[in-house]
Amino acid sequence: MKHPSNFNAPSIAISHLVGTQTVTRRVKNVAEVEETYTITARMQPSIAIEVNPPAMTLRPGASRSFSVTLTVRSVSGVYSFGEVKLKGSRGHKVRIPVVALGHKR
């Protein structure tokens, strides 16, 4: 069974993050033209965040997955907030909110 955090929702929420966890999201180009998206991420300091790939090109109607990796840097006892942003070469923007609570075990 797949992990529930991989459900392709327009947000990422992990209530019990231990160590490192990678989730995937799938996006689809609904425009009638090809577009290249640059993917960036930011998060509060207690959780590290990385995205892969950092950019992708989608033809009209095409879908593609990307991964978001969250790693506990320090256990603060409070939720950490951040976001993943996809910025398209034709001006389209997508924002995915991220929230995680780091635990030791």
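Predicted model: local features only at pLDDT ≥ 70, side-chain atom pairs only at ≥ 80, totals over all residues.
Visitor: What makes up the pattern of the protein chain?

Guide: The chain reads β-β-β-β-β-β-β-β along the sequence. There are eight strands and zero helices. The C-alpha atoms fill a box of roughly 45 × 30 × 15 Å along the principal axes.

Visitor: What makes strand 2 and strand 4 edge strands?

Guide: An open sheet is formed by three strands in the order 2-6-4, with antiparallel pairing. Strand 2 and strand 4 each have a single partner strand, so one side of each lacks a neighbour in the sheet. Neighbouring strands here are turned by 20 degrees against each other on average, direction ignored.

Visitor: Which residues touch the most other members of the largest nonpolar core?

Guide: This core has 22 residues, and those touching the most other members are Ile12, Phe66, Val68, Leu70, Val84 and Leu86. Strand 6 (63–72) is one of the elements that give two or more residues to the core, and strand 6 gives the most, with four residues.

Visitor: What does valine 68 touch?

Guide: Not counting residues up to four places away in sequence, valine 68 touches Ile12, Gln21, Thr22, Val23, Ile49, Glu50, Val51 and Val84. Each of these contacts rests on heavy atoms within 4.5 Å.

Visitor: Why is the link between the side chains of threonine 69 and threonine 22 called a polar contact?

Guide: The distance is 2.9 Å, and the cut-off for a pair of N or O atoms is 3.5 Å, so the pair qualifies. Threonine 69 is found in strand 6. Apart from residues up to four places away in sequence, threonine 69 touches Thr20, Gln21, Thr22, Ala48, Ile49 and Glu50.

Visitor: Where is proline 53 placed, and what kind of peptide bond joins asparagine 52 to proline 53?

Guide: Proline 53 lies in the loop between strand 4 and strand 5. The bond from asparagine 52 to proline 53 is cis, with omega about 5 degrees. Most peptide bonds are trans.

Notes
Residues numbered from 1 in each chain as written. Heavy atoms only, no water. Core = buried A, V, L, I, M, F, W, Y, C linked by side-chain atoms within 4.5 Å. Buried < 20%, exposed > 50% of the residue type's maximum accessible area, 1.4 Å probe, protein only. Pairing = 2+ DSSP bridges. Axes fitted to C-alpha atoms, helices over the stretch in contact; angles between N-to-C directions. Polar contact = N/O pair within 3.5 Å; in protein donor to acceptor, adjacent residues only side chain to side chain.
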